[in-house]
Amino acid sequence: MGEKKKKIVKQIKVDADLCNGCRACEAVCSAFHASPRYSSNNPARSRIRVHFDPLRNLYVPVYAGPYTESECMGRDKYTIDGKEYDECLFCRASCPSRDLFKEPDSGLPLKCDMCEDDPPLEEPMCVQVCLVDALTYEEREEEVEEEEEEKREDLEVGLEALINEYGLEKIMDTVARMAVSKEE
Ligand code: SF4
Ligand code: SF4
C-alpha cells in the first residue's frame, strides 16, 4: 500500500431553487474559454448549461462532465414532485446521442475544467458571476494513495503531450478503434 497524500478536491454546489435563469454563467464560461480569452461569447460553447422547466418555472444548471464515446444502453427517467423529466436532461456527459456539450464548429467534447488558470482563480468564473448564489464553490482536502495519484498525474501528462502532438480527435479515434478491437 502506498503512502497517503493530501489532495484538494474542488466542488461547485448547485442550488437549483435559487437559480433565476439569467444565464450569466453560460455567457462567462464561453467567454473565458474563447481564444483569445473573452473575444467571443456563445452559450453553445459553455461548459455549464441551464435547463428550463416551464411547468414549474424551475431552472436547473448542469455542468459538462466526461466525454463518452457511445450512448447509454438504456435511459434514465426522473420523476420529481410528480412530474416526469426528459430523458438525459440531467446527464453531464458529452455523448453521440445529442449536441449538448460539444464545440459547435468542431464537434469536440466540452468538459468543465473548473476554470483552470495560472495563477489559479480564487473561484471559478460561473460562481463569481452568479449573483444569487445558486452556484457556490468549495475546496476540501482528501487523503489519497500517493501511488495511485502519481500514476494518474503521469497518465494525464502523457495524454496531454499526445493531444498536443496529434490533436484530440485523432487520439479519440485511436482509442475508440482500440476499444472495438479489444471487444472483438
Ligand atoms: S448565473 Fe446563477 S442564477 Fe444565473 S443562470 Fe447561472 S446558475 Fe442560474
Ligand atoms: S467552472 Fe469554469 S469551466 Fe466549469 S462551467 Fe464554470 S465557468 Fe465553465
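This is a predicted model: local features need pLDDT of at least 70, side-chain atom pairs count only at pLDDT 80 or more; totals for chains, interfaces and linings use all residues.
Student: In what order do helices and strands follow one another along the chain?

Tutor: The chain holds four helices and six strands, and its C-alpha trace spans about 45 × 40 × 40 Å along the principal axes. Read along the sequence, these elements give the pattern β-α-β-β-β-β-α-β-α-α.

Student: Which residues come nearest to ligand 1?

Tutor: The shell around ligand 1 divides into twelve nonpolar residues, two polar and one charged, and both helix H1 (24-32) and strand S3 (58-63) supply at least two residues each to that shell. Of the 15 residues around the ligand, those that come nearest are Cys 19, Cys 22, Cys 25, Cys 130 and Ala 134.

Student: Is Pro 61 buried or exposed?

Tutor: Pro 61 has its place in strand S3. A residue counts as buried if 20 or more other C-beta atoms lie within 10 Å of its own. Because Pro 61 has 21 other C-beta atoms within 10 Å, the class that applies to this residue is buried.

Student: How many Å apart in space are Pro 61 and Cys 19, C-alpha to C-alpha?

Tutor: Leaving aside neighbours within four places in sequence, Pro 61 is in contact with several residues, including Val 14, Ala 16, Cys 19, Cys 25 and Ala 134. Pro 61 and Cys 19 are 42 residues apart in sequence, while the distance between their C-alpha atoms in space is 7.8 Å.

Definitions and conventions
Residues are numbered from 1 along each chain as its sequence is written. Chains are lettered from A and ligands numbered from 1 in the order in which they are written. A residue is near a molecule or strand if its C-beta atom, placed from the backbone, lies within 6 Å of it. Ala, Val, Leu, Ile, Met, Phe, Trp, Tyr, Cys and Pro count as nonpolar, Asp, Glu, Lys and Arg as charged, and the others, Gly among them, as polar. A residue is buried if 20 or more other C-beta atoms lie within 10 Å of its own, exposed if 12 or fewer, and partly exposed in between; C-beta atoms are placed from the backbone. Two residues are in contact if their C-beta atoms, placed from the backbone, lie within 7 Å.
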